[in-house]
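Reader: I am new to this structure and would like to learn how to read its features. Please take them one at a time.

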Amino acid sequence: MTTPSRTQLDQTGERIRDGSATADDWAVLKAYRLSVRDAVAPLFDGVRLIASEENIPITARLKTNYSIELKLRRETIRLRQIDDIMGCRILVSSRVEQDRIAERVASLGPSKLRDRRERPSHGYRALHVILGSNGQFLEVQIRTPLQDAWAQLSEALSVKYGIEVKYGGLRGTPLRVALDSLSMSIDAAERGKPPTSDERFSFLPITEEATHDALVELRNLFL
């Protein structure tokens with residue numbers, strides 16, 4: 001199949017969103033996903049070269065049909081506006097390294113920064129660089145070990161307790177409180193200062209070692 005037109009993509013996205021997608025729509029989505037992958041391949045090669053030079057791990061992923069369907073239903077966004085269909089992840093040792101590597105990645109082409117450290121998404125913290133090429137995008141997630149451990153735990157919990165865990169669901173439950181509290185602890189540990197002046201959260205660990213141990217305890221408790 002050739003690369004879908006803008007009109008095809010808009011119509012396909014709407015049918016996927018409202019649950020009326022046909023086999024042809026899923027074929028259009030598959031073709032589009034592959035076209036995004038191919039369009040941003042040179043950018044990914046550049047990011048991979050940076051990771052190799054820095055001797056840091058990198059992984060890549062192409063967003064699944066299911067994840068795209070959930071995003072379309074969760075957000076008011078068109079299919080062709082989704083900027084994380086193709087993505088990769090880099091792990092670095094600290095926030096300082098996050099900023100430095102993000103600067104190198106951003107130099108590869110037109111880019112925008114999405115700082116989830118300052119504005120976490122339902123507890124998720126990371127630094128994202130969105131690179132553009134030929135009207136398509138590559139999302140580069142740059143995480144510290146603690147940020148990655150939290151994200152991996154959230155993913156595992158969403159498999160067991162429902163996808164809503166990743167998007168702020170189960171409010172008021174011990175699981176939600178624990179996840180949100182540990183997200184604040186990660187920020188505190190990496191900044192080296194208390195997460196909040198609110199004395200209700202004075203119990204939170206503020207060292208990286210203590211926060212890591214708390215993440216392990218949470219995994220053992222809920223998984």
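Author: This is a predicted model. Start with Y161, which has 32% relative accessibility and therefore counts as partly exposed.

Reader: Which residue forms an aromatic pair with Y161, and how are the two arranged?

Author: The partner is F222, and the pair is edge-to-face, with 6.5 Å centre to centre and 80° between the planes. Y161 belongs to helix α6 and F222 to helix α8 (residues 208-222), so the pair links distant parts of the chain, 61 residues apart.

Reader: Is F222 buried or exposed?

Author: F222 counts as buried because its relative accessibility is 15%, and the cut-off for buried is under 20%.

Reader: How should I read a nonpolar core?

Author: The general idea is that in soluble globular proteins, nonpolar side chains tend to be buried together. Here the largest nonpolar core has 32 residues. Those touching the most other members are V47, L79, V105, L131, L138 and V140.

Reader: Which element gives the most to this core?

Author: Helix α3 does, with five residues. A second, separate core has 18 residues, including L157, V165, L175 and F222.

Reader: Where is T144, and what does it touch?

Author: T144 lies in the loop between β5 (136-143) and α6 (145-161). At 2% relative accessibility, T144 counts as buried. Leaving out residues up to four places away in sequence, T144 touches V92, S94, R95, Q98 and E190.

Reader: What sits over the ring of Y167?

Author: The charged end of R74 does, 3.8 Å from the ring's centre.

Key
Residues numbered from 1 in each chain as written. Predicted model: local features only at pLDDT ≥ 70, side-chain atom pairs only at ≥ 80, totals over all residues. Heavy atoms only, no water. Helix = DSSP H or I, 4+ residues; strand = E, 2+ residues; numbered from the N terminus. Buried < 20%, exposed > 50% of the residue type's maximum accessible area, 1.4 Å probe, protein only. Contact = heavy atoms within 4.5 Å. Core = buried A, V, L, I, M, F, W, Y, C linked by side-chain atoms within 4.5 Å. Phe/Tyr/Trp six-rings, centres within 6.5 Å; stacked < 30°, edge-to-face > 60°. Lys NZ or Arg CZ within 6 Å of the ring centre and 35° of its normal.
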